Amino acid sequence: MNDLETEDKTTGATGPETLEERRVFLTQMALLGGALVGAGCSPEPKGSSKSPAGPPPAPITKKSHSEPSAHVKPGQLDDYYGFWSGGQSGEVRILGLPSMRELKRIPVFNRCAATGWGATDHSKELLGGRMSGDTHHVHLSYTGGTYDGRYVFVNDKASARLARINCETMEVDKVIDIPNSQGTHGIFPQRHKTGYVFCNAEFRTPHVNDGRDMTDPTKYGAMHTAVDGEEMVVKWQVLVEGNLDLCATDYQGNYSFATCYNSEGGVTLEQMMGADQDHLYVFNLKNCEKAVREGKTIKVGNSPYPVIDARGKDSPYVMRVPVPKSPHGVNVSPDGKYAMCAGKLSPTVSVVQIDKLASAFAGKIKPRDCVVAEPEVGLGPLHTAFDGRGNAYTSIFIDSVMTKWDINKAIQAYKSPDGKTPNPVIQKLDVHYQVGHTNASMSETKDADGKWLMALCKFSKDRFLNVGPLHGENDQLIDISGNEMKLVHDGPTFPEPHDAVIVAKDLIHPKKIQPRTDARFAMYSAWAKEDGVELFKDNRVIRRPDGTVRVYMTSQAPNYGMRDFKVKAGDRVQIILTNQDNVEDLSHGFCMSLHDVNFLVNSRDTNSMTFTAASPGVYWYYCPWFCHALHLEMRGRMIVEA
Ligand code: CUA
């Protein structure tokens, strides 16, 4: 018997057999993991004494509605755009829902070989030479409490950046750095209009982070940054002592929110989990703006942007609402009334009533008095979605379930802690496995429609064919249109879509032909002007005073406007390709053999890439996109002279 057989037999003999056994096994493994890192996940959270255990959930009555189907027939269109963050891939993905068909990958903080993103002249400038990123949260711009179909904002946790995607083209049009920040994690735009996009720094650092205070974590802090979503410029920052996790905004433009774990100010995992209480930070935007206007701000490091120093204690700028230890997600209900703060290491969700916050800021009530419910929903609650019918859906990481609960019943139960009120928990649905983010169709808008719920499961384990050590994620689609949640589809995704939003298709109107409105077209127009070239007409080689050779070229299936051009070995060559084709879905591209040059040029688009011409010889360039029956013949020669 060889080693492999032994291993197989062992695995077969000890592993769980049925799906139910596997689930129990995996939950035990997750709990074990929690126990290993320390206190973790105590089922008795601080501050949850008012939350009754209550009777078990009422049995689910058979639903009477006609069941929506996740199956979208060939040729039929989906009802929703799903915008998925791409996690460590640094990209954003568009899925159609409910089919879960992946429609597009939008390169953002990554190098994309298919499109040339990260290597083309303009994208390279936007990315500043950083070719990796870690996207977590995608949110669309709002007007009047719902999506206005203009922009998608996405964070980069790795390099503390915020990018914006223009929904006309689904291409990135801006990337900015968030100053004095590390671990830019939660972001959220304002909802009454496309105003600020708030960005939370999760990692505490010295301020200024220039070598001072490195060994004194008590002096570390983190920034809550207000970016103007129209201009994509930082307007102001608030410096606080705690690290800031997820972000949310109200519907009126009065507040932004950040969950804050690590009130301990620790730098190790054990230190960060020490205290039983952490906070929901509430930022009072009018007061912050007033401080900025009146110059009650400081400057930090080389950053020119004003910073409100709000470290230490509650102030007109930030209030700390106590919640059980290590909260994670914060989500605002579609009626705008409540901010739901998921407990993570507490099995509860703290419901903060937003219209009480003004009284708390005025000192009339205590910050904790704004908490109006704290239902127990399961072990490891992370995020909450809504159906617009008064129900909340909280993702429960350790239990691997989605918990559906009634918001009003949770509030009643908190008011009368004698256990006589009905249990707010309606249903717990198994998901596979270890769910992180969740979102429902239009859940983050006033128009939450209660049709579909996504459970973005971090582990897929045994749900798909084995493809080696790296498994896909499992994004599970759940029908929430009836009384009962129903799992209808398993959607494997390449790691790691961290979060997703689901947008009614009628709100998004991309163009089918490049409208040439992004900033890069201003760049190409300026180049063409200084070289006396018409982009859509001319095919010319221009040697610039600095020695750069600009090759202006057009394309029209199946031809380039230039069959060959000459440069000298070692020349800095810039290919500027304009696609004359005015036909939907007719893309060309440009690939220069042996030069690591390959980029996409869509219909009526211009794109460019710069490279150094190699040693003397003939180098074929060709069109890498299948555009015509004579696509293979679409090519030309770069003749490199000594
Ligand atoms: Cu143009 Cu292939």
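**Legends to close-up views of a predicted model**

**View 1. Charged side chains over tyrosine rings.** Lys 344 sits over the face of Tyr 261, at 4.2 Å from the ring centre. The structure shown here, and in every view that follows, is a predicted model.

**View 2. Aromatic rings in a cluster.** Tyr 560, Phe 565, Phe 590, Phe 599 and Tyr 621 are linked into a cluster by ring pairs. In total, the structure holds 17 aromatic pairs.

**View 3. Helix α5 and its buried residues.** Helix α5 comprises residues 285–293, and among them Leu 285, Cys 288 and Ala 291 are buried. Where do these residues lie around the axis of α5? They cover an arc of only 120°, which puts them on the same side of the helix. The elements that cover the buried residues of α5 include the strands β9 (196–201), β12 (233–240), β14 (255–260), β15 (277–284) and β16 (307–309).

**View 4. The two ends of helix α5.** At the start of α5, the backbone nitrogen of Lys 286 has a side-chain oxygen of Asn 284 within 3.4 Å. Just after α5, Gly 295 adopts a positive phi of about 75°.

View 5. The buried residues of α8 are Arg 520, Phe 521, Met 523, Tyr 524, Trp 527, Ala 528 and Asp 531. Seen down the axis of α8, these residues fall within an arc of 155°, so they line one face of the helix. Ala 522 and Lys 529 are exposed, and they are carried on the face of α8 turned away from the buried side.

**View 6. The surroundings of helix α8.** The buried residues of α8 pack against helix α3 (121–127) and against the strands β7 (171–177), β31 (540–543), β32 (549–556), β35 (572–579) and β38 (606–612). After α8 comes Gly 532, with a positive phi near 65°.

View 7. Gln 514 belongs to the loop between β30 (500–504) and α8. Is Gln 514 buried or exposed? Its relative accessible area is 9%, which is under the 20% limit, so Gln 514 counts as buried. A polar atom of the Gln 514 side chain lies 2.9 Å from the backbone nitrogen of Arg 516. Although Gln 514 and Thr 169 are 345 residues apart along the chain, their C-alpha atoms are separated by 6.8 Å. Leaving aside neighbours within four places in sequence, Gln 514 is in contact with Thr 169, Glu 171, Arg 520, Phe 521, Ser 603, Arg 604 and Asp 605.

**View 8. His 224, in strand β11.** His 224 is placed in strand β11, which covers residues 220–228. With a relative accessible area of 0%, His 224 is buried. Its side chain forms a polar contact of 2.7 Å with the side chain of Ser 256.

How values were computed. Residues numbered from 1 in each chain as written. Predicted model: local features only at pLDDT ≥ 70, side-chain atom pairs only at ≥ 80, totals over all residues. Heavy atoms only, no water. Buried < 20%, exposed > 50% of the residue type's maximum accessible area, 1.4 Å probe, protein only. Helix = DSSP H or I, 4+ residues; strand = E, 2+ residues; numbered from the N terminus. Arc of directions from axis to C-beta. Contact = heavy atoms within 4.5 Å. Polar contact = N/O pair within 3.5 Å; in protein donor to acceptor, adjacent residues only side chain to side chain. Phe/Tyr/Trp six-rings, centres within 6.5 Å; stacked < 30°, edge-to-face > 60°. Lys NZ or Arg CZ within 6 Å of the ring centre and 35° of its normal.
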